[in-house]
Amino acid sequence: MNHLVKIFGYQFYVKEILVIMISYLLMENIFSWLFLPNSVILLMYEKVMGILIFGFVLYHFNNLLYTEKIYIGLMALVLSRLVFESMLSYGTIFQQLTLFTILFPVAFSIFIKCLCRSLDLDLLAFLAKFYLVLYLVFMLFYGWGFSFSLDSVQMDDYGPFSGDSRIIHARSIFMMIIPLLWFLHEFIKSGRILHFLPFLGCLVVILVHQHRSVWASAIFSLAVYFFIAVRNRMIPLTKVFLFSFWAATAFMLIVFVVSQLFPATLTFFSERFSEIFDPAREETTGKFRADQRAVYFPMFLERPFFGWTFEGFEMKNPLVDWWPEKSGQHFHEGYMEMLFYHGVVGLVLKYFYLIYLAFKAFSRKLSQESLIMIAFSLAGLIFSFSYVLPLIFWGHVGLCLYYLERKPVGELDWKSAANDGPPEKIIPMGRKRFQTFKYD
């Protein structure tokens with residue numbers, strides 16, 4: 001367990017990579033599917049791990065920071081209320097475990113933050129390469145039927161698939177924004193083609209899979225990235241203008257070439273992109289989301305504070321009849337799901353850290369890692385209008401919170417200096433951790 005393994009240039013102890021995989025990375029749907037292609041078992045795995053992780057956080061409650069204790073304490077109060085409601089109304093401890101699963105991201109963000117803090121991890125570069133390689137491996141196994149046609153694909157188990165010729169669901173393609181931002185940042189800093197090609201590859205992946213929700217999220221995250229980078233003087237404004245100029249030039253050149261050789265393709269992508277601004281267009285998934293809002297929002301207003309909770313699972317679906325009874329309302333939109341099941345209290349509790357990160361985006365003292373992770377995390381606010389954010393996303397939010405609190409490289413530890421004499425300086429060592437050494 002004390003042996004070191006090197007993955008994507010990052011060195012882990014065996015026990016560390018096992019913990020990270022079991023409690024973090026396997027929450028990514030296309031990754032876990034490579035090991036066990038059965039959505040029923042994988043969903044049960046997430047629920048069981050959710051209970052274990054929440055129990056672990058409660059067990060180590062005294063080791064949490066003050067703000068973390070408040071956050072977990074509020075979640076525990078909401079869950080306690082649900083337990084009492086379940087026992088009084090249904091005679092069981094927790095009538096629908098899914099209600100816990102929906103709220104579990106609150107604790108998962110804290111858990112990943114504390115895990116990174118306790119192991120002193122620096123995972124961003126690893127995650128960027130992980131997602132790029134994971135996409136290539138998954139498409140190698142399952143992507144042979146990919147096409148631009150958007151034809152439906154009938155499957156016995158849809159798992160992480162989109163259900164059409166795009167192959168991968170938007171929730172997993174959304175994660176490609178992490179390597180997109182990381183390789184872009186590295187390219188702008190260094191100007192090396194070694195970083196530009198992966199960035200271009202991520203851009204192509206996001207484009208060709210045609211998930212409009214991911215397109216909108218990626219554009220928003222890039223805008224946030226450039227805003228924070230310029231505000232924190234990590235990237236000179238001249239470099240931003242230069243990059244924008246060459247990007248616009250390349251875009252116009254590609255549009256011209258495609259319009260001459262494949263005019264139908266340009267028209268197709270233009271129409272797909274225009275649907276972002278007309279989400280309620282007939283015969284689109286956006287229309288179904290609009291229908292859900294029209295039906296469920298008035299119901300939310302009937303119980304605005306704590307939502308419909310267990311009754312929401314008991315009631316018949318008012319829109320469609322193809323889902324089993326008492327299986328929930330199967331929301332497409334993250335906000336509507338929280339408002340209906342947990343009300344305003346649940347919505348604020350779940351999305352509080354994203355609101356906090358939106359305020360932190362205006363800070364002038366952010367690290368490069370925080371810059372990238374804030375830009376990615378805030379894209380979740382856009383993505384939530386289209387889909388329920390996957391559990392792995394909230395783990396990445398926890399990583400972002402960890403980077404915000406971690407001491408930057410090169411910062412002097414004056415508290416340590418007061419106790420031990422010479423100041424200590426935090427520097428990256430061979431394992432890419434932040435260890436200390438003393439000045440002579």
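Analyst: Two residues are in contact when heavy atoms of theirs lie within 4.5 Å. This is a predicted model, in which local features need pLDDT of at least 70 and side-chain atom pairs count only at pLDDT 80 or more, while totals for chains, interfaces and linings use all residues. Residues are numbered from 1 along each chain as its sequence is written, and side-chain values use heavy atoms, with hydrogens and water left out.

Helices are DSSP runs (H or I, at least four residues), numbered from the N terminus. α9 has 14 residues and reaches 20 Å from its first C-alpha to its last, close to the 20 Å expected; the expected span is 1.5 Å times one less than the number of residues. Twelve of the 14 residues of α9 are buried (under 20% relative accessible area; over 50% is exposed, and in between is partly exposed, with a 1.4 Å probe and protein chains only). The buried residues include the run from I177 to I188, with W182, H185 and E186 among them. Just after α9, G191 takes a positive phi of about 75°.

One partner of α9 (residues 177-190) is α7 (residues 124-142): the two pack at an angle of about 120°, with their axes 8 Å apart. Axes are lines fitted to C-alpha atoms, for helices over the stretch in contact, and angles run from 0 to 180 degrees between N-to-C directions. α7 and α9 are therefore oblique to each other (under 35 degrees is roughly parallel, over 145 roughly antiparallel, 65 to 115 roughly perpendicular, and the rest oblique). Here L124, A125, A128, K129, Y131 and L132 of α7 meet I178, P179, W182 and F183 of α9. By class, this contact has nine nonpolar residues, no polar ones and one charged (Ala, Val, Leu, Ile, Met, Phe, Trp, Tyr, Cys and Pro count as nonpolar, Asp, Glu, Lys and Arg as charged, and the others, Gly among them, as polar).

Next comes α10 (residues 193-208). At 1.5 Å a residue its 16 residues should span 22 Å, and its end C-alpha atoms are 22 Å apart, which agrees. In α10, H195, P198, F199, C202, V205, I206 and V208 are buried. An α-helix has 3.6 residues a turn, so residues three or four places apart point the same way. The cover over the buried residues of α10 includes α9 itself, along with α7, α8 (170-173), α11 (212-231) and α12 (237-261). Just after α10, Q210 has a positive phi of about 60°.

α11, part of that cover, also meets α13 (residues 263-274): their axes come within 9 Å and cross at roughly 75°. α11 and α13 are therefore roughly perpendicular to each other. R212, W215 and I219 of α11 make the contact with F269, R272 and F273 of α13. Its residues divide into four nonpolar, no polar and two charged.

Most residues other than glycine have a negative phi. L150, in the loop between α7 and α8, has a positive phi of about 65° although it is not a glycine. With a relative accessible area of 24%, L150 is partly exposed. R233 lies in the loop between α11 and α12 and takes a positive phi of about 60°, again without being a glycine. R233 is exposed, at 75% relative accessible area.

Elsewhere, F108 in α6 (residues 105-119) counts as buried, at 0% relative accessibility. Leaving out residues up to four places away in sequence, F108 touches S23, Y24, M27, I53, L391, W394 and G395.
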